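Subject: Handing over a structure

Hello,

Here is the structure I promised to pass on. Please open it first, then read my notes beside it.

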Amino acid sequence: MKNKPIVTVGIPVYNGEKIIGERIKQVLNQTFQNFIIVISDNNSNDNTSQICKEAADKDERIIYFKQENNMGPNWNTNFVLDKADTKYFVWAFADDIWENNFLEENIDVLDNNFKIVGSVGEVKLFNRIKNKENGKIEIKIIENSKKFQYVHPVSGNLEKKIKFYLDYSMSSIIYSVFKTNKLKQANVFEEFMNPVRWRGDFACVLSIIKQGDLYVTTNNIVYKEVNEKSSSLIQYLRKSGYSFFNIICFNFPFTIWCAKNLGTKIFLKNLTYFVKLNIISSGGLIAELFRMCKRVLCGQSKYW
């Protein structure tokens, strides 16, 4: 490479043969070109490896790793960040879509604002829908109902920033371009990987806020894929490797982390939030258990 890259684009992926090739192209087509791509394949058993190797052979900015074992999503997310030694870093998850000016716009914000540690565009959701006639995958954008629906800027006093994001309860700001040294100081994915614990991304956001302010640009968009059909929370947790205890009390470890890391004063001021969080999540699991019992009694198929 002629010039030292400014930003590392970290792509953690597992069995992404249907989307990884297009995702790599989206990054390569950015208007900002001074980057390096680090791909970590979490021991995929489809054609992900071949697609990534071919891309790396064609472009020296792409570094590809294939893990010998599937280490879990938090481990893989942490791995690509650990490999970054550039000024800026951004996670580019395989099923996301960026507009072409994403890197340029957000790096410009960081270059010109020393208090801002992370910058992202508006976030919108989308579905990938298979056309029944020609078999092609079509993208259906789900328009937001309001500004800053999934990401919101935050600045100023730490206590107020924490309070705002606890109430806001969205972690999509994690898709920002970050100042690498600040993100590494705030990163908690390693702490949340063994055993796998719920809301590692949100804990990371709360930790990042302690490093500085977060910004949302208005002229570029990150598109996040969502499934058309709702799925069982218990099913998702089981597939993600959560233990029985972590399923029963899936928000409790996050609550303990907040008590230890946000400071006693801030935690106690927001105690009502954490009480409600654990009561509501427990109630949701109980309701799901009742739904499963009903399905069994009615002779319907199980979904976990």
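Start with the charges. The protein carries 41 positive and 31 negative charges. Their mean positions lie 7 Å apart. Keep in mind throughout that this is a predicted model.

**Overall build**

The protein has twelve helices and nine strands. Its radius of gyration is 20 Å, close to the 19 Å that the globule rule gives for 304 residues, so the protein is as compact as a globular protein of that length. The C-alpha trace spans about 60 × 55 × 40 Å along the principal axes.

The accessible surface comes to about 16,100 Å². Carbon and sulfur atoms hold 52% of that surface.

**The cores**

The largest nonpolar core has 78 residues. Val-9, Leu-103 and Leu-206 have the most contacts inside it. Helix α7, residues 200-209, gives this core its largest share, seven residues.

Which residues does Leu-103 touch, leaving aside neighbours within four places in sequence? The list is Val-9, Gln-30, Phe-32, Phe-35, Val-90, Trp-98 and Val-177.

Phe-32, from that list, deserves a look of its own. Phe-32 lies in the loop between α1 (20-28) and β2 (35-41). Its relative accessible area is 18%, so Phe-32 counts as buried, the cut-off being under 20%. Beyond four places in sequence, Phe-32 touches Ile-6, Val-7, Leu-103, Glu-104 and Ile-107. Leu-206 is another matter. Phe-32 and Leu-206 are 174 residues apart along the chain, and their C-alpha atoms are separated by 29 Å.

Ala-186 is found in helix α6, residues 180-186. Is Ala-186 buried or exposed? It is buried, with a relative accessible area of 1%. Not counting residues up to four places away, Ala-186 touches Cys-204, Ser-207, Ile-208 and Gln-211. Lys-147 is 39 residues from Ala-186 in sequence. In space the two are 27 Å apart, C-alpha to C-alpha.

Arg-199 is found in the loop between α6 and α7. Arg-199 is buried, at 13% relative accessible area. Its phi is a positive value, near 70 degrees. That is worth a second look, because most residues other than glycine have a negative phi.

Ser-169 also has a positive phi, about 55 degrees, although it is not a glycine. Ser-169 lies in the loop between α5 (158-168) and β8 (177-179). With a relative accessible area of 33%, Ser-169 is partly exposed.

**Helix α10 and its cover**

Next, helix α10, residues 252-261. Which residues of α10 are buried? They are Pro-253, Phe-254, Thr-255, Trp-257 and Cys-258. What covers these buried residues includes α7, α9 (244-248), α11 (264-269) and α12 (271-297).

Thr-255 touches Phe-267, Phe-274, Leu-277 and Asn-278, not counting residues up to four places away in sequence. After α10 comes Gly-263, with a positive phi near 100 degrees.

Val-275 is found in helix α12. Asp-167 is 108 residues from Val-275 in sequence. C-alpha to C-alpha, the two are 13 Å apart.

**Where to look first**

Begin with the 78-residue core and Leu-103. Then turn to α10 and its cover, α12 included. Finish with the positive phi of Arg-199 and that of Ser-169.

Best wishes

Terms used:
Residues numbered from 1 in each chain as written. Predicted model: local features only at pLDDT ≥ 70, side-chain atom pairs only at ≥ 80, totals over all residues. Heavy atoms only, no water. Helix = DSSP H or I, 4+ residues; strand = E, 2+ residues; numbered from the N terminus. Rg over C-alpha atoms; globule rule 2.2 N^0.38 Å. Areas by Shrake-Rupley, 256 points an atom, 1.4 Å probe, with all protein chains shown as cover. Lys, Arg positive; Asp, Glu negative; His and termini not counted. Charge placed at Lys NZ, Arg CZ, Asp CG, Glu CD. Core = buried A, V, L, I, M, F, W, Y, C linked by side-chain atoms within 4.5 Å. Buried < 20%, exposed > 50% of the residue type's maximum accessible area, 1.4 Å probe, protein only. Contact = heavy atoms within 4.5 Å.
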